[in-house]
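I opened my notebook to go through this structure bit by bit. Here is what I looked up, in the order I looked it up.

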Amino acid sequence: MRRWLFLLTLLPALALAQDMVTRDGVTMTAAQEAQAEAIGDQLRCLVCQNESIEDSDAKLAAQLRGIIRQQVVQGVPPRRIMDYMVQRYGIFVLLKPPVSPLTWLLYAMPALALALGGMAWLFAARRKAAPPAPLSEAERARLDELL
Amino acid sequence: MSPLRRRLLFGIPLALAVAGGEAFYVILRRMQANNYDPHALPSPLLGKRPPSFSLPGIAGMQGFANTDLAAPPKPMLVNWFASWCVPCLQEAPMLAKLAAGGLTIWGIAYEDDPQALAQFLQQNGNPYQRLAADASGTTAINWGVYGVPETYFIDKTGIVRWRYAGALTDDVVARYLNPLLAKYS
């Protein structure tokens, strides 16, 4: 009976252990893995350049995933982990570029396109031809004659 | 439709198409002339000192630390390479030529096997005055290295002035390295 009771006390530990995942050499909770994935999804793989480091098979991407996971386990805030990557690889590592003088035109593009389209529409509306002047007496007579 | 409007309706799309074609032509021409690489990244290390590191030597050579790069007597190169990397093999003759011309080149072997590396040096010559091993690739990540070979130009004050990702060719040396040597020597 005592032995059974002892085993029962171990049950929660077992549940906790099942919740752990190991990826890229780091063992962590499922919540930490989710947090690490959310960070990795925003970072560009430098080797393939059009994949996030979460999606990439490149060795460098695996190493960077490992670093992200180690830092997540250590409790480093996501913001600091992103800064760690930008410090090493520049803003190109961010899949979503930050707003900076270099990217102002990029972010202003939707507004500019809308403004340009609106202007074209306004011009078109304003230029709509006035209705033709009513027929004069002579024209009406000529029309009747033709019909 | 007024003649002006007709001309605009025809002329504006034509002008845009011509401008777009011209832009593509310029980009392709520059790519062909090795003057533009759309994959190249600016290194955040430019204008800074290399990050703190200390790597052991490999293949019987002396390793080095960031402090050894603090004030070289003359401008020098740090070349990241590996025996398993094909472009590194291609640039070996160029490195040998530069070393023979008196340029100081220190190497860092990236995630390499000591035996394979020794064989590589035996077959392709050893242009390096010092040779360190980054077995784990951690120092490479701290430098922002994203592939081998990569070459860093370090001036007499220990500041990184240029990073080139890819094999050094005659063209790269003439276009970038020689002007840098003239400027910082």
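Predicted model: local features only at pLDDT ≥ 70, side-chain atom pairs only at ≥ 80, totals over all residues.

**Domains of chain B.** I looked up how chain B is divided and found domain 1 (1-38) and domain 2 (54-184). Next I checked the centres of the two domains, taken over C-alpha atoms: 42 Å separate domain 1 of chain B from domain 2 of chain B.

**Helix H1 of chain B.** This helix covers residues 3-32 of chain B. Then I asked myself how many of the 30 residues of H1(B) are buried. The number is zero, so H1(B) lies largely in the open.

**Chain B as a whole.** I noted five helices and seven strands in chain B. Its elements run α-β-β-β-α-β-α-β-α-β-β-α from the N terminus on. I then looked at the radius of gyration of chain B, which is 22 Å, while the globule rule gives 16 Å for 185 residues. The value is well over the rule, so chain B is more spread out than a compact globule. The C-alpha trace of chain B spans about 85 × 35 × 30 Å along its principal axes. As for burial, 29% of the 185 residues of chain B count as buried. I also took contacts in chain B between residues at least 6 apart in sequence, and 75% of them join residues at least 24 apart.

**One residue up close.** I picked B:Ala100, which sits in helix H2 (residues 86-100) of chain B. Is B:Ala100 buried or exposed? It counts as exposed, because it has 10 C-beta neighbours inside 10 Å, and the cut-off for exposed is 12 or fewer. B:Pro127 is 27 residues away along the chain, yet the C-alpha atoms of B:Ala100 and B:Pro127 are separated by 7.9 Å.

**Over to chain A.** Chain A has six helices and two strands, in the order α-β-β-α-α-α-α-α from the N terminus on. Of its 147 residues, 15% are buried. For contacts in chain A between residues at least 6 apart in sequence, I wrote down that 47% join residues at least 24 apart.

**Where the chains touch.** Last, I looked up the contacts between the chains: 10 residues of chain B are in contact with 10 residues of chain A. On the chain B side, five are nonpolar, five are polar and none is charged.

Conventions
Residues numbered from 1 in each chain as written. Chains lettered and ligands numbered in written order. Helix = DSSP H or I, 4+ residues; strand = E, 2+ residues; numbered from the N terminus. Buried ≥ 20, exposed ≤ 12 C-beta atoms within 10 Å, placed from the backbone. Contact = placed C-beta atoms within 7 Å. Nonpolar A, V, L, I, M, F, W, Y, C, P; charged D, E, K, R; others polar. Domains from an automatic or database assignment. Expected span 1.5 Å × (residues − 1). Rg over C-alpha atoms; globule rule 2.2 N^0.38 Å.
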